[in-house]
Amino acid sequence: MRSALQLLRRAPRLPRLRHKSTAVSQKTVDDAFLASLEALATTSQSPDVRKLHGDDESHHEAIPPEVVAFPESTEEVAAILKLCNERSIAVVPYGAGTSLEGHIQASRGGVCVDVSKLDQMVSEHPEDLDCRVQAGMTRKAVNSALRHTGLHFPVDPGADATIGGMAACGASGTTSVRYGTMRDNVLGLTVVLADGTVLETGSRARKSSAGYDLTKLFLGSEGTLGVITEVALRLHPVPMCVEAATARFDSLEEAADAVQALLLHGVSVARCELLDATAIDAFNAFSKRSEESCPSLFLEFNGPTSEAVAAHTELALELCADCGGRDIRRSQDESERDELWKARHELYYASCALKTNGRAIVTDACVPVSQLPGLIEATSRDVREQGVVGPCFGHAGDGNFHCILVYNDDDDEDYLARLKRVNANLIERTLKAGGTCTGEHGVGSGKKAYLLREKGAAAVDAMRAIKAALDPRGVMNPGKVFD
């Protein structure tokens, strides 16, 4: 049998910029349990493997599991969960480790179930624009496998995350303004419940009025209700033509007005990103460029023909100009498109480079689009007044906003307190504006208090009741979403 290390063929992760603390996991498994687990799947108790599986891409403390299991089928996952449930051993699902809110912290020790070996295309139905994949398949692998069909799966969270992880966190990204989020592009799931029961949800039909929507229940459940092992995906034609454009503005309000104009005029925009002046400054310093330091829109359009795309681009840029946009640039050439979008693509690393050995807390608020400029402006002002480093940008087409709050190991407690104050103020403004504390990263262990503020006690109690019904022993990813 291959070793556990040989089985670790997961997606590449963002490089660690600085070591972060690792907590000691609880001791809940014994030799008898380990022997039973090893009879079901490949396992590892290697310190390096365990550490990797307790450490995501967030700033939160790493908490490793006691043992990692590498199932290769839904049946093996079911057997593992049945065993863990019988012994009341905690289970933490794991895909590629790219989550951003401490989702894979093993706060109660136990078993990490790594689904990365469930990495196959189950079925393709290009004539119906759908396919079914195993949960450990990454989004890039899915699109590579679909290349011969002329179709693709467009949800793009940035990282090459697993499809199961994206479903579990309700992920989205820069393409949501055109294609929607995971909640809009998943037709059905195979889920293993805490007691080992295998549940099938949804169907390949494009609509249904049959009973409760169990698919949506598990999307965004963050591994607290079960382990997703297969996902049925809605697919879209690969666009034949793509055009990129950028525009500069004197104020965030002007840029936001342009975004609203695009949406209200029905312009088919595929990506719509807004960077504030601080973000442009970070890019200039990182890439030795001299782009104008001002709010900037980065747009992308796609469609079946060059003429169709050009028509949308021309209308969009006319609307941008009407709202004060200037220095407008556009191109359908791939290399020129990449150059136009360079500031957006390099923003995370450019922001972290603003401090020596910088790391980042990436906020994830989402508000109605009309409220976005006020939120960005207030947060930018807060960053300046608190004396912290925090470039701001947003998926302007759907109101999702990120502030990259940068710190390093040399920062004192006062700086970190000011950093947290900016984050708290941001979320307070977001909730007052009718928004959500997380548009795409999920709650994990990091935003439990904000979930209660946003949804209210009655809604969170309803979530707890669902959790208790499906996982009465509380073994599934404990300590996430709510306590």
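**Exercise 1.** State where Asp333 lies in the chain and whether Asp333 is buried or exposed, or in between.

*Solution.* Asp333 belongs to the loop between strand S15 (326-331) and helix H12 (334-340); helices (H or I, at least four residues) and strands (E, at least two) are DSSP runs, numbered from the N terminus. The model is predicted: local features need pLDDT of at least 70, side-chain atom pairs count only at pLDDT 80 or more, and totals for chains, interfaces and linings use all residues. Residues are numbered from 1 along each chain as its sequence is written, and side-chain values use heavy atoms, with hydrogens and water left out. Next, the relative accessible area of Asp333 is 36%, so Asp333 is partly exposed (buried means under 20%, exposed over 50%, partly exposed in between; 1.4 Å probe, protein chains only).

**Exercise 2.** Determine how many aromatic pairs the whole structure holds, and describe each geometry.

*Solution.* A search of the whole structure gives two aromatic pairs; rings of Phe, Tyr and Trp (its six-membered ring) pair if their centres lie within 6.5 Å, and planes under 30 degrees apart count as stacked, over 60 as edge-to-face and the rest as tilted.

1. For Phe298 and Trp341, the ring centres are 6.1 Å apart and the planes stand at 70°, so this pair is edge-to-face.
2. This pair links distant parts of the chain, 43 residues apart: Phe298 is in strand S14 (residues 296-303), and Trp341 is in the loop between H12 and helix H13 (342-345).
3. Both Phe298 and Trp341 are buried.
4. Tyr348 and Tyr349 also form an edge-to-face pair, 5.4 Å centre to centre with 85° between the planes.
5. Tyr348 has 27% relative accessibility and therefore counts as partly exposed; Tyr349, at 33%, also counts as partly exposed.
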